[in-house]
Amino acid sequence: MAKRDVYDIVDQKYDKKIKREQLIVDAERFKTYDEVFDQQNLDNIFRLMKRKKVKTLECPISTGKEANVYLARTFEEDAAVKIFRTSTSTFGAFLEYIEGDRRFQRIDRSHRGVIYTWARKEFMNLEAMHEEGIRVPAPRSLFRNILVMDYIEYGGKPAPQIRVLDADKDEWVEMWGVVLDTVEKLFLECELVHADLSEYNILYDGAPVFIDVGQSLDLSHPRALDMLDRDLGIISTFFEKKGIKEAKNEAESLKVELLATLEEDEE
Ligand code: ADP
Ligand code: MN
C-alpha cells in the first residue's frame, strides 16, 4: 500500500525502545513466559497439539493485559494462538460483558470458568462474524482459555494495527468506508456491537480486519447501544485525525440509521 513500508516505522519505534530498555525487556519477557506457561496452560497447549490443531508455538506477536498472542505452525496454514491469562485481575469487568448477553445465561462463575467463557465468547463472535463474510480472523479451535484462529499477515509479518499505517488520504478514505460498512454489517447481520473498536483492534492486510471481539455484545445486552455509540465515537475520532473531516457526521448518520432499524423491528 503505502509509499514507505509500514514496518520501517514500526521498527524505528521499537529500536529506540530496545536500546533504552533492553535489560528490562528481557526480564519482563521471562516473567510473561512464567506466568503464561504454567502447568495448566502447558497441558492445555499440549491438548491442542495432540488434537493436531497446533504443531509448534513460535514467537509472541503480542503480550497484553488479558491475553498473549503467539504465531503457531500448524498442519495447515500458520495460526494465531490467543492465550487468555487465567491470572488476570480485570476479571470483574468480564462478567459485566457476559451477563446480559442472552447467549450466556448459565455460566460457571468461578475464576477459571469466567475466563473460559470469555474465550468461548470470542470464539463464537468470530464464528458469527466470519459466517457473515465480515473480515475477521477465521476461528479454528478452542480449548479452555486458548483460541486458535487464522494468522493475519501483511508483507511476511504480522499484520499491523491501522494506527501505525502510513497511508495517503485516498487510502484512509477507503478504509473509513470499509470500517463503516463493517460496523453496519456487524449490527444488522450479526446483531453484534464490537464494543472495543479502535485503531488498535483493526489490523491491515491490504484492507481492514476487525479483531479482539471477546467483549462484543449481542444486541440483547442492555449496554449494546452505549457501546455502539462509544465505538463510533472512538473510531471516527481516529479517522478525523487522518484527514476525514466528515468522519464524525458520517458515524452519527450511521448510528441514527441503525437505531431506526430497531424501532422498525418493534412496530
Ligand atoms: P488484546 O488487545 O486483548 O491483548 P488482541 O486480540 O487485540 O488482544 O490481540 C493483540 C494483538 O495481537 C493485536 O493488536 C495484533 O497485533 C495481534 N493479533 C491478534 N490476533 C491476530 C491474528 N489473528 N493475526 C495476527 N496478529 C494478531
Ligand atoms: Mn486488542
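Colleague: What makes you say that ligand 1 lies between domain 1 and domain 2?

Modeller: This is a predicted model, and in it domain 1 (6-154) and domain 2 (157-266) both give residues to the shell around ligand 1, so ligand 1 lies between them. Of the 21 residues around ligand 1, those that come nearest are Ser62, Gly64, Ala80, Pro137 and Asp212. The elements that give two or more residues to that shell are β1 (56-63), β2 (67-73), β3 (79-84) and β5 (146-150). By class, the residues of the shell divide into 13 nonpolar, 4 polar and 4 charged.

Colleague: Why is Asp212 called buried?

Modeller: The cut-off for a buried residue is 20 or more other C-beta atoms within 10 Å, and Asp212 has 24 such neighbours, so Asp212 counts as buried. Its place is in the loop between β10 (208-210) and β11 (217-218).

Colleague: What is said about the phi of Asp212, and which other residue has a positive phi although it is not a glycine?

Modeller: Most residues other than glycine have a negative phi. Asp212, however, has a positive value near 60 degrees, and Arg144 has a positive phi of about 50 degrees although it is not a glycine either. Arg144 is found in the loop between β4 (139-143) and β5.

Colleague: Why is Arg144 called partly exposed?

Modeller: A residue is buried at 20 or more other C-beta atoms within 10 Å and exposed at 12 or fewer, with partly exposed in between; Arg144 has 19, and is therefore partly exposed.

Colleague: How do you know whether Ile146 is buried or exposed, and what does Ile146 touch?

Modeller: Ile146 has 22 other C-beta atoms within 10 Å, which means that this residue is buried. Its place is in strand β5, and, not counting residues up to four places away in sequence, Ile146 touches Asn44, Ile45, Leu48, Val81 and Ile83. Ile146 and Tyr116 are 30 residues apart in sequence, while in space they are 8.3 Å apart, C-alpha to C-alpha.

Colleague: What makes α5 and α6 roughly antiparallel?

Modeller: Two packed helices are described by the angle between their axes and the distance between the axes. Helix α5 (residues 169-190) and helix α6 (residues 224-241) pack at about 175 degrees, with their axes 11 Å apart. Angles over 145 degrees count as roughly antiparallel, and therefore α5 and α6 are described in that way. On the α5 side the contact is made by Trp172, Trp176, Val179, Val183 and Phe187, and on the α6 side by Leu228, Asp231, Leu232, Ile235 and Phe239. The residues of this contact divide into 9 nonpolar, no polar and 1 charged.

Colleague: Why is Cys190 called buried, and which residues is Cys190 in contact with?

Modeller: Cys190, which lies in helix α5, has 20 other C-beta atoms within 10 Å, and is therefore buried, since the cut-off is 20 or more. Leaving aside neighbours within four places in sequence, Cys190 is in contact with Ala128, Met129 and Glu132. Cys190 and Ile134 are 56 residues apart in sequence and 9.5 Å apart in space, C-alpha to C-alpha.

Colleague: How many helices and strands does the protein have, and what share of its residues count as buried?

Modeller: The secondary structure comes to 7 helices and 11 strands, and of the 267 residues of the protein, 33% count as buried. Among contacts between residues at least 6 apart in sequence, 61% join residues at least 24 apart.

Technical notes
Residues are numbered from 1 along each chain as its sequence is written. Chains are lettered from A and ligands numbered from 1 in the order in which they are written. This is a predicted model: local features need pLDDT of at least 70, side-chain atom pairs count only at pLDDT 80 or more; totals for chains, interfaces and linings use all residues. A residue is near a molecule or strand if its C-beta atom, placed from the backbone, lies within 6 Å of it. Helices (H or I, at least four residues) and strands (E, at least two) are DSSP runs, numbered from the N terminus. Ala, Val, Leu, Ile, Met, Phe, Trp, Tyr, Cys and Pro count as nonpolar, Asp, Glu, Lys and Arg as charged, and the others, Gly among them, as polar. Domain bounds come from an automatic or database domain assignment. Axes are lines fitted to C-alpha atoms, for helices over the stretch in contact, and angles run from 0 to 180 degrees between N-to-C directions. Angles under 35 degrees count as roughly parallel, over 145 as roughly antiparallel, 65 to 115 as roughly perpendicular and the rest as oblique. Two residues are in contact if their C-beta atoms, placed from the backbone, lie within 7 Å.
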